[in-house]
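Subject: Structure for you to look at

Hello,

Please find the structure below. My notes on the fold follow it.

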Amino acid sequence: MWYHKPAINEELLQSLPNLKVVASSGVGIDHLDLKLLSSYGVKVSNTPYIVSTDTADMGMALLLASSRRLVEGHEMAVSPDTEYFPVDWLGVEVSGATLGIVGMGTIGYKVAERAKAFEMKILYHNRNQRKKEEESAVGAIYCKKIDDLLQQSDFVLLAVNLTPQTHKLIGKRELELMKPTGILINISRGLVVDQDALVEALQNKVIKAAALDVTYPEPLPRDHPLLKLKNVIITPHIGSATKKTRWVMMEEMVESIEAGLAGRPVPREVL
């Protein structure tokens, strides 16, 4: 499976009685019905670890681009209507700012490692608190309640898996808890954010800006209000999109398929 295609449903499973394994690219498995697949005796694998470094890089790229208004700046610099650069056209500081990471798994932790190099104060919210030595290594402070993180952070970065518990985790209430100068960055899944509430928050300056590598659907309809806002950066779900990583992802998928066909344990099997 690449970009969630083909769709694995009962009709497809019934038409493939000899199916042994589904190898899905990337880390997310929200597009798969694991119980249904298991009922047909089909094993599932993904490629969770190889994508983490590039996705963390993407998170920092979006943070920097949104804080320094790089897309707007590029448009101004190349516009045929630009006669001068205004001296009061300003971004916001990253160094010394507070970054709140929602989801401190492999990707979230790698973001924290990068943010430490930018001298950021790091807060995180996770189902489980990290080990003290892991927290100390990046200077991260655990927030048991997400509300505390939202209220204190200058940047809020989402790096959680999409589950029933994280579906629209960030909605109207959560956005209103953020600082009016706050910037939301999403490198997880589009449905982790209530998109209608986000549009309203951006239009009404409840938060300053958003930088999104994921939306729902993908791509957005061409008349979607998010596409018309200057304080939004949207990229086409390219967190893992580097040549090396995509090559290794494909190699890992082939490895899982070969193991499943040979009756061997499936590497990176999703249980």
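The protein chain falls into two parts, domain 1 (10-49 + 241-262) and domain 2 (51-234); these bounds come from an automatic or database domain assignment. Their C-alpha centres are 30 Å apart. Domain 1 gives 10 residues to the contact and domain 2 gives 6 residues, where contact means heavy atoms within 4.5 Å.

Before the details, a word on the source. This is a predicted model, in which local features need pLDDT of at least 70 and side-chain atom pairs count only at pLDDT 80 or more, while totals for chains, interfaces and linings use all residues. Residues are numbered from 1 along each chain as its sequence is written, and side-chain values use heavy atoms, with hydrogens and water left out.

The UniProt record (unreviewed entry) annotates residues 2-270 as "domain: D-isomer specific 2-hydroxyacid dehydrogenase catalytic". UniProt positions are given in the numbering used here, feature names are shortened, and such annotations may be inferred rather than shown by experiment. Over residues 2-270 the chain is 36% helix and 13% strand, with the end C-alpha atoms 16 Å apart. Helices (H or I, at least four residues) and strands (E, at least two) are DSSP runs, numbered from the N terminus.

The sheet

An open sheet of 7 strands runs in the order β5-β4-β3-β6-β7-β8-β9, with parallel pairing. Two strands count as paired if DSSP finds at least two bridges between them. β5 and β9 (232-234) are at the edges with a single partner strand each, so one side of each has no neighbour in the sheet. From one strand to the next the twist averages 15°; axes are lines fitted to C-alpha atoms, for helices over the stretch in contact, and angles run from 0 to 180 degrees between N-to-C directions.

Around β4

Of the 5 residues in strand β4 (residues 121-125), 4 are buried. Buried means under 20% relative accessible area, exposed over 50%, and partly exposed in between (1.4 Å probe, protein chains only). Strand β3 (residues 98-102) pairs with β4 in the parallel sense over 5 bridges. Between the two, the chain passes through helix α5 (residues 106-117), and this β-α-β crossover is right-handed. Right-handed here means that, with the strands pointing away from the viewer, the path from the first strand over the helix to the second runs clockwise. Within this pair, glycine 100 is opposite leucine 123 in β4, and valine 102 has histidine 125 as its bridge partner.

On the β5 side, β4 is joined to strand β5 (residues 140-142) by 3 bridges, also in parallel. Tyrosine 124 is bridged to tyrosine 142 in β5.

Around β8

Side chains in a regular strand alternate between the two faces of the sheet. In β8 both faces are covered: Ala209 and Ala211 are buried on one side, and Ala210 and Leu212 on the other. β7 and β8 run parallel and share 4 bridges, with alanine 210 in β8 the bridge partner of leucine 184. Together β7, α9 and β8 form a right-handed β-α-β unit. β8 is also joined to β9, in parallel, by 3 bridges; here alanine 210 is opposite valine 232.

The loop between β8 and β9

Lysine 230 is in this loop and is exposed, with a relative accessible area of 61%. Leaving aside neighbours within four places in sequence, lysine 230 contacts Glu72 and Glu75.

Backbone exceptions

Most residues other than glycine have a negative phi, and most peptide bonds are trans. The bond from tyrosine 216 to proline 217 is cis, with omega near -5°, and proline 217 lies in the loop between β8 and β9. Glutamate 218 and proline 219 are also joined by a cis peptide bond, with omega about -10°; proline 219 is in the loop between β8 and β9.

Tyrosine 3 is not a glycine but has a positive phi of about 55°. This residue sits in the segment before α1 (10-15) and is partly exposed, at 43% relative accessible area. Lysine 168, in the loop between β6 (155-158) and α8 (172-177), has a positive phi of about 50°. Lysine 168 is partly exposed, with a relative accessible area of 37%.

Regards
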